[in-house]
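Please have a look at it first, and then follow along as I talk.

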Amino acid sequence: MKTYIQPLKSTIYFIVVLLVVHLVWKLGFQEEIDLSGNKILTFYGLNVSACFYAMTNWLLNAVYAILSKMTSLQIELRSSSIFYVEQNSSIDIVWSCTGVKQMMFFFLVMLCYPQNSIHKLWYIPVGLVFIFLLNVLRITLIVYWCGEDMNRFQMLHEGSKYVFYAIIYLMWILWDWKLVNLKK
């Protein structure tokens, strides 16, 4: 019986941190328009626009570079969009596509883990890089598959979020069940 309690506690811990981060995220971010008509992104009043727009631009360019080298899709960069020439349609890549929320969640779930471990020093940075690369792959695949049929967007976008969190959960399980107990 005791062997089932620890995985249950760990899963509850994961879910509680996930819900807290989601709540903090939803309450904290505001998208506003300044007097010049420019979008301003704030996190609890702090202007984080420049950071998120730089990350969005980097993600947009990475997705474009991958797709333009590896597929035959006729695409162009237009502002913050990938434009499909043949379909005369586009997909916007916006600040919420950056994966920062997922990276923040992973960082906090690991940082707040009740047991200290020297392995956090390498697992957290490796996990953050992995999540970042996973997000680039996720956005690239969404853009690619929508290039064949734009009607897929909603399903791919929403479904990929759940897959993204499932992979982060598997990273958590790997940590909680295997890595935390490695000898120092």
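Predicted model: local features only at pLDDT ≥ 70, side-chain atom pairs only at ≥ 80, totals over all residues.

**Loops, sheet, core and charges**

Let me begin with Asn88, whose place is in the loop between strand E5 (81-84) and strand E6 (89-92), where helices (H or I, at least four residues) and strands (E, at least two) are DSSP runs numbered from the N terminus. Residues are numbered from 1 along each chain as its sequence is written, and side-chain values use heavy atoms, with hydrogens and water left out.

Is Asn88 buried or exposed? Asn88 counts as exposed because its relative accessibility is 60%, given that buried means under 20% relative accessible area, exposed over 50%, and partly exposed in between, with a 1.4 Å probe and protein chains only. The phi angle of Asn88 is near 55°, which is a positive value in a residue other than glycine.

Now to the sheet. There is an open sheet of 3 strands with the order E1-E2-E3 and antiparallel pairing, where two strands pair if DSSP finds at least two bridges between them. Its edge strands are E1 (29-33) and E3, each of which pairs on one side only. Between E1 and E2 there are 5 bridges in the antiparallel sense, and here Phe29 has Phe43 in E2 as its bridge partner. These two strands, E1 and E2, form a hairpin with 5 residues between them, and Gly37 in the turn has a positive phi of about 90°. E2 and E3, for their part, pair in the antiparallel sense over 2 bridges, with Thr42 standing opposite Asn47 in E3. They too form a hairpin, with 2 residues between them, and Tyr44, in the loop between strand E2 (39-43) and strand E3 (46-47), has a phi near 50°, a positive value in a residue other than glycine.

Which residues touch the most other members of the largest nonpolar core? In this core of 30 residues they are Phe52, Phe105, Val109, Met110, Ile168, Trp172 and Trp175, where a nonpolar core is a set of buried Ala, Val, Leu, Ile, Met, Phe, Trp, Tyr and Cys residues joined through side-chain atoms within 4.5 Å. The elements giving two or more residues to this core are H1, helix H3 (100-111), helix H4 (120-148) and helix H5 (153-177), and H5 gives the most, with 7 residues. Apart from it lies another core, of 18 residues, among them Leu73, Ile75, Ile93 and Cys146.

Not counting residues up to four places away in sequence, Met110 touches Lys120, Tyr123, Ile124, Trp172 and Trp175, contact meaning heavy atoms within 4.5 Å. Phe107, found in helix H3, is in contact with Ile124 and Leu128 when its neighbours within four places are left aside. Phe107 is partly exposed, with a relative accessible area of 34%.

Ser10 lies in helix H1 (residues 2-28) and counts as buried because its relative accessibility is 4%, while Asp176 lies in helix H5. Their side chains are joined by a polar contact of 2.4 Å, that is, a pair of N or O atoms within 3.5 Å, of which, within protein, one must be able to donate a hydrogen and the other to accept it, and residues adjacent in sequence count only if both atoms are side-chain atoms. Asp176 is buried yet has no salt bridge, and the nearest side chain of opposite charge, Lys120, is 10 Å away; Lys and Arg count as positive and Asp and Glu as negative, while His and the chain ends are not counted.

How many salt bridges does a search of the whole structure find? That search finds 3, a salt bridge being a side-chain nitrogen of Lys or Arg within 4 Å of a carboxyl oxygen of Asp or Glu. Glu31 pairs with Lys39, the closest N and O atoms being 3.9 Å apart, and Arg78 pairs with Glu76 at 2.9 Å. Finally, Glu158 forms a salt bridge with Lys161 at 3.4 Å, and because these residues are 3 residues apart in helix H5, Glu158 and Lys161 are separated by about one helical turn.
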